[in-house]
Amino acid sequence: MALTEAIKEAIYIRRLLESLGAARRSNYHLHGFNRAEALVDHPTSHRRTKHIEIRREFIKFHIGHETVKIERVSTKDQLADILTKPLRQDIHNYLVQMILHG
């Protein structure tokens with residue numbers, strides 16, 4: 001799951017900053033992992049998802065210890081869609097404006 005990798009990167013960056021004397025005081029906010037968040041909240045018990053269980057526990061641990069905070073992003077505001085999906089022109093233009101002007 002991508003959320004696991006994002007949390008690992010946040011931990012690495014935090015440790016790097018601490019070693020440089022520029023540690024952040026607050027937790028890291030990760031945006032747009034809506035599906036992964038649902039899997040953490042509502043796990044499925046299945047033989048084919050056993051390997052996900054370890055990652056789910058890793059995610060739950062770091063959310064519970066406030067290493068990271070997951071923030072939900074509305075479907076219409078998913079900036080990655082511009083790179084991963086065919087979009088109607090009006091949606092494409094909206095996302096381009098979001099990228100350029102915040």
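Predicted model: local features only at pLDDT ≥ 70, side-chain atom pairs only at ≥ 80, totals over all residues.
Residues are numbered from 1 along each chain as its sequence is written, and side-chain values use heavy atoms, leaving out hydrogens and water.

**Fold**
- The protein chain has 5 helices and 2 strands (DSSP runs: H or I of at least four residues for helices, E of at least two for strands, numbered from the N terminus).
- Along the sequence the pattern reads α-β-α-α-β-α-α.
- Of the 102 residues, 25% count as buried (buried is under 20% relative accessible area, exposed over 50%, partly exposed in between, with a 1.4 Å probe and protein chains only).

**Salt bridges**
- The count comes to 6 salt bridges (a side-chain nitrogen of Lys or Arg within 4 Å of a carboxyl oxygen of Asp or Glu).
- Glu5 pairs with Lys8, with the closest N and O atoms 3.2 Å apart; both sit in helix α1, 3 residues apart, about one turn of the helix.
- Glu5 is partly exposed at 39% relative accessible area, and Lys8 is partly exposed at 42%.
- Glu57 and Arg56 meet in a salt bridge at 3.1 Å, N to O, and a salt-bridge network links Glu53, Arg56 and Glu57.
- Arg56 counts as buried at 8% relative accessibility, whereas Glu57 is partly exposed at 38%.
- Asp90 forms a salt bridge with Arg88, with the closest N and O atoms 3.0 Å apart; Arg88 counts as exposed at 54% relative accessibility.
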